[in-house]
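Welcome! Please have a look at the structure below, and then let us walk through it together, one stop at a time.

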Amino acid sequence: MSESIKTIKEQLKTISQLDDPVLELYRKDPRKGVQQALLSFENRIQKERLLREKYETMSCFELEGHEKGYEWIAGIDEVGRGPLAGPVVSAAVILPKNVVIYGLNDSKQLSEKKRETLYEQIQEKAVSIGLGIIGEETIDEVNIYEASKLAMCEAVNKLTTTPDYLLIDAMTLDLPIPQKKLIKGDARSISIAAASIIAKVFRDRLMRDYDQQYPGYGFAHNAGYGTKEHLLGLEKQGLTPIHRKSFAPVKQYLG
């Protein structure tokens, strides 16, 4: 008597190689349910393979740093340059050698659910995480580019383990630590990607809190960016204390 389709599906969950001998038996099974289960299995294995390959590719800068003798490599990224309200937030993340957190990527390319899942994994596995938060007053005073650099430096200084090498997304910092600037680093380095996710999730949660404090602008949905709902809120209610007064179109609502 042949195995039930349910039993075969459970068996497929335990297989991790496309050349497993038992698969040949299942491929000869004429039942449609078995063939659909095999297709789902092969898709899963392919997806897992691509995740592993991408992760290995994105680990190259960390491996390069370790080969040069650096022990504590911090990836650094920021979020929140473009919004009309709220702070710019940076994160610095030191991951241990040989860590595995599949799926790390530029936070903007991930769903909210995936970001939240990865956020918890990073929190659990990281050697150290530092956050830098620069508010709207400083942003207005020094400009958003300089504020982003300040946030990054603050994040590095908040690390409980002192880094000896920095991987930074598209920036060079005035810090006495060897560093490498990577254009689009959040999609090229696991450490920078981890920092991108930490900063994004933290800032999104902060803006949801601000939405409770300052309703009517859609901060929970737009994170302070200039959406239609946000601009309508500005028109109807004026500025809040967290608006960036140096940014257009916020400027026009200054009293």
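**A guided walk through the model**

Asn98 is exposed, because its relative accessible area is 74% and anything over 50% counts as exposed. Keep in mind as you look that this is a predicted model. You can find Asn98 in the loop between β2 (88-94) and α5. Its backbone is worth a glance too: phi of Asn98 is near 65°, a positive value in a residue other than glycine. Most residues other than glycine have a negative phi, and most peptide bonds are trans.

Another residue with a positive phi is Ala223, at about 55°, although it is not a glycine. Ala223 also sits in a loop, the one between α9 (219-222) and α10. Is Ala223 buried or exposed? With a relative accessibility of 8%, Ala223 counts as buried, since the limit for buried is under 20%.

While we are looking at the backbone, let us visit a peptide bond. Ala248 and Pro249 are joined by a cis peptide bond, with omega about 5°. Pro249 belongs to the segment after α10 (228-237).

Now turn to helix α3, which covers residues 32-58. An α-helix has 3.6 residues a turn, so residues three or four places apart point the same way.

The axes of α1 and α3 come within 10 Å and cross at roughly 15°. The two helices are therefore roughly parallel to each other, because angles under 35 degrees count that way. Their crossing is right-handed. On the α1 side, the contact is made by Ile5, Ile8, Lys9, Leu12 and Lys13, while α3 brings Gly33, Val34, Ala37, Leu38, Phe41 and Arg44. Sorted by class, this contact of α1 with α3 has seven nonpolar, one polar and three charged residues.

Another pair of helices to look at is α5 (residues 112-125) and α8. Their axes come within 9 Å and cross at roughly 115°, and α5 passes α8 in a left-handed crossing. From α5, the residues taking part are Glu112, Arg115, Glu116, Leu118, Tyr119, Glu120, Ile122 and Gln123. They meet Ala194, Ile197, Ile198, Lys200, Val201, Phe202, Asp204, Arg205 and Arg208 in α8. By class, the contact of α5 with α8 has eight nonpolar, one polar and eight charged residues.

Lys200, which lies in helix α8, deserves a stop of its own. Why does Lys200 count as buried? Its relative accessible area is 19%, and buried means under 20%. Lys200 touches Val79, Ser107 and Arg115, leaving aside residues up to four places away in sequence. Lys200 and Tyr119 are 81 residues apart in sequence, yet their C-alpha atoms are 9.4 Å apart in space.

Next, find Leu166 in strand β4 (residues 165-169). Leu166 is buried, with a relative accessible area of 0%. Which residues does Leu166 touch, not counting those up to four places away in sequence? They are Ala74, Ile76, Val156, Leu175, Ile177, Pro178, Gln179 and Lys180. Leu166 and Gly65 are 101 residues apart along the chain, and their C-alpha atoms are separated by 9.2 Å.

Our last stop is Ser148, in helix α7 (residues 144-157). Ser148 is buried, with a relative accessible area of 0%. Not counting residues up to four places away in sequence, Ser148 touches Glu78, Arg81, Val88 and Met171. Along the chain, Met171 is 23 residues from Ser148, and the C-alpha atoms of the two are separated by 9.3 Å.

Terms used:
Residues numbered from 1 in each chain as written. Predicted model: local features only at pLDDT ≥ 70, side-chain atom pairs only at ≥ 80, totals over all residues. Heavy atoms only, no water. Helix = DSSP H or I, 4+ residues; strand = E, 2+ residues; numbered from the N terminus. Expected span 1.5 Å × (residues − 1). Axes fitted to C-alpha atoms, helices over the stretch in contact; angles between N-to-C directions. Parallel < 35°, antiparallel > 145°, perpendicular 65-115°, else oblique. Left-handed = near helix turned anticlockwise from the far one by under 90°. Contact = heavy atoms within 4.5 Å. Nonpolar A, V, L, I, M, F, W, Y, C, P; charged D, E, K, R; others polar. Buried < 20%, exposed > 50% of the residue type's maximum accessible area, 1.4 Å probe, protein only.
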